[in-house]
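Please have the model open beside you as you read.

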Amino acid sequence: MRTVVNLITTVLLTFLGLLLVTFIIGRVVPIDPVLAIVGDRAPENVVERVREELGLNLPLYQQFFIYVWNVLQGDLGNSVLTANPVLEDIKRVFPATLELATVATFFGVILGVPMGVLAGVYQGRWPDQVIRVVGLLGYSIPVFWLGLMGLLIFYARWPWGELVPGPGRLDVFFDGLVDPVTGVLLIDSAMAGEWEIFWNAAWHLVLPASILGYFSLAYISRMTRSFMLEQLSQEYITTARVKGVPEWRVIWVHALGNVRVPLVTVIALSYANLLEGSVLTEIVFSWPGLGYYLTQSLLNADMNAVLGATMVVGAVFIGINLLSDLLYKLLDPRAR
């Protein structure tokens, strides 16, 4: 019971800190939200009236309490760019980011974990060197450059370019043909039985998800290698080999089995980083997700949308960290 109370208290304090940070950002940036609404040529009396309606004439501590109260009620304000409530805009665009980050994480896990295992097993030999170079490139190459090169090679110049569609989530003539039940196109099109749209959406996902997943792969493979090196030096591994246990079982069952607990945390953090760090990928591929929405809002001085999107990203990060902690305790009884 005490652990649950401590966990709830930690989450509430973290979320309160997130609200405080977003509030401060909204007040220190050199953008007047009133002028963003009424325009810089509006009469002074109109500017003052709107400022009073928004509560921006009150002391900062009162503004903060009002801000927290509105957020707790689900009111993130209205977007200047779309004229819709920010929460509705986020509900519309976030599934696209969720879909992209989920598929990218899937790529990163499916390829990154085996690569990390092999790098640990063949430490110092050519497989390890190749995998470490691949990971280093994943950390070093800017994602926007990699995205542009991907479009140039696989879309513009590739002889089978029609298999790798261009920017966006769907071809234009498929847009709007599937009702957005979950907002995730792969799920919605499958539920509707629109398999042509499903495969079109899947092909559109391949290139941006592969590029975004490359960075997840680099992180996961590096951490898996470190975990495997630690486990392979343990006495129980030597004992298993002395007993005649097959090498594949020693590596993929015994060593990797003990790695799975910290690896859950690594994968969760990687997933959270992709959810918040997919901005450049979404811009390059015109992917209508939260990162694209955040960028367009920032360029148009739409601070309600910027702060709302920032808060949602922070809340998602807190939630995924909480989930990883719970999974850690579930998989490792010693942490309970």
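## A threonine and its helix

The side chain of T295 has a polar atom 2.9 Å from the backbone oxygen of G291. This is a predicted model, in which local features need pLDDT of at least 70, side-chain atom pairs count only at pLDDT 80 or more, and totals for chains, interfaces and linings use all residues. Residues are numbered from 1 along each chain as its sequence is written, and side-chain values use heavy atoms, with hydrogens and water left out.

T295 sits in helix α13, residues 290–299 (helices are DSSP runs of H or I with at least four residues, numbered from the N terminus). With a relative accessible area of 17%, T295 is buried (under 20% relative accessible area, with a 1.4 Å probe and protein chains only). Setting aside neighbours within four places in sequence, T295 is in contact with V279 and I283 (heavy atoms within 4.5 Å). After α13 comes A301, with a positive phi near 55°.

## The cavity

Searching the whole structure for cavities of 30 Å³ or more turns up 1 (a cavity is a set of points on a 1 Å grid over the protein atoms alone where a 1.4 Å probe fits but cannot get out). The largest cavity has a volume of about 40 Å³, the space filled by probe spheres set on the points.

Its lining consists of F94, A272, L275, E276, L290, V313, V316 and F317 (lining residues have an atom within 4 Å of a point). The elements giving two or more residues to this lining are α11 (247–277) and α14 (303–331).

How values were computed
Buried < 20%, exposed > 50% of the residue type's maximum accessible area, 1.4 Å probe, protein only. Polar contact = N/O pair within 3.5 Å; in protein donor to acceptor, adjacent residues only side chain to side chain. 1 Å grid on protein atoms, 1.4 Å probe; cavity = no way out; pocket = protein on both sides within 12 Å on 5 of 7 lines; lining within 4 Å.
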